[in-house]
Amino acid sequence: MLRVAWVILVLCAAAHAQPSEMVLGPDGRWTAVERPPPTGDAKVMADARSLLADGKARQARRMLDDWIEKNELEDSPYLVEAYLLRADAKTASGREHRALYDYEKVITEYAATPEYVRAVERELEIGIRYLNGLRRHFLGLRLTKAEDIGEELLVRTAERMPRSRLGERALLELADYYYRSRELKMAAMCYEIFVQLFPRSEHAPRARQQRIFARIGTFKGPNYDAAGLADARVLIEERSKSVV
């Protein structure tokens with residue numbers, strides 16, 4: 001997953017660095033029109049994207065650190081892009097936890113920009129990696145468990161992008177994580193919310209099935225509360241009716 005995410009990031013950066021654009025002419029043909037090379041702040045952003053595309057994340061980060069330090073108190077239209085690019089550079093360098101500070105700045109202060117959705121998506125990817133076992137750095141090594149941070153990031157995504165593809169993925173990943181971790185009550189609740197919010201999702205049938213399994217799994221025996229088993233029976237009957 002990390003490799004795929006990095007390839008996508010590189011491709012996006014490379015696409016931004018293209019020197020020309022296609023224009024539809026009066027004859028109905030598309031022709032390439034060269035754009036003038038960027039200058040000033042635009043050139044700094046373009047250079048940072050190029051460095052990221054070339055795998056030189058540390059150099060990109062240093063360049064952006066310098067630029068942000070000089071411009072963070074100004075009302076520059078490039079600030080939001082600079083924060084996002086610096087966060088991407090930190091992530092590419094394996095410092096994704098530090099990148100979260102920049103992603104959060106984009107999300108909390110620049111909600112009306114296209115970078116907002118990209119920052120939320122980046123946080124979602126980091127959260128999923130944490131839930132799948134990626135550890136945070138400590139003393140230069142990945143020693144610290146980060147599942148709690150992963151949970152928070154997925155919950156934030158679901159809250160910030162409700163009824164969206166990102167929110168759908170975040171909620172399902174969180175439910176699956178709880179199920180794998182045998183936190184079955186939490187899993188059942190998340191699957192229930194998922195079905196309510198995304199009833200027509202291609203993943204809804206599996207979510208309904210997993211919800212049943214989770215409720216059954218909460219039943220510990222005849223000497224314990226059988227509410228989970230009773231709920232599972234109702235869910236099974238509802239599912240059978242919907243199939244019919």
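The buried residues of helix H5 (residues 96–109) are covered by elements that include H4, helix H6 (114–131), strand E4 (141–144) and H7. In this predicted model, those buried residues are Glu96, Ala99, Leu100, Asp102, Tyr103, Glu104, Val106 and Ile107. One of them, Tyr103, also stands out in the largest nonpolar core, where Tyr103 and Leu154 touch the most other members.

- Burial extends over most of H4, with 13 of its 14 residues buried.

**Packing of H7 on H8**
- The axes of helix H7 (residues 147–160) and helix H8 (residues 165–180) come within 8 Å and cross at roughly 145°.
- The crossing of H7 past H8 is left-handed.
- On the H7 side the contact comprises Glu147, Glu151, Leu154, Val155, Thr157 and Ala158, which meet Leu166, Gly167, Ala170, Glu173, Leu174, Tyr177 and Tyr178 of H8.
- By class, this contact holds eight nonpolar, two polar and three charged residues.

**The nonpolar core and Leu154**
- The largest nonpolar core contains 53 residues.
- Leaving aside residues up to four places away in sequence, Leu154 touches Leu124, Gly127, Ile128, Leu131, Ala170, Glu173 and Leu174.
- Nonpolar side chains tend to be buried together in soluble globular proteins.

Methods. Residues numbered from 1 in each chain as written. Predicted model: local features only at pLDDT ≥ 70, side-chain atom pairs only at ≥ 80, totals over all residues. Heavy atoms only, no water. Axes fitted to C-alpha atoms, helices over the stretch in contact; angles between N-to-C directions. Helix = DSSP H or I, 4+ residues; strand = E, 2+ residues; numbered from the N terminus. Left-handed = near helix turned anticlockwise from the far one by under 90°. Contact = heavy atoms within 4.5 Å. Nonpolar A, V, L, I, M, F, W, Y, C, P; charged D, E, K, R; others polar. Core = buried A, V, L, I, M, F, W, Y, C linked by side-chain atoms within 4.5 Å. Buried < 20%, exposed > 50% of the residue type's maximum accessible area, 1.4 Å probe, protein only. Expected span 1.5 Å × (residues − 1).
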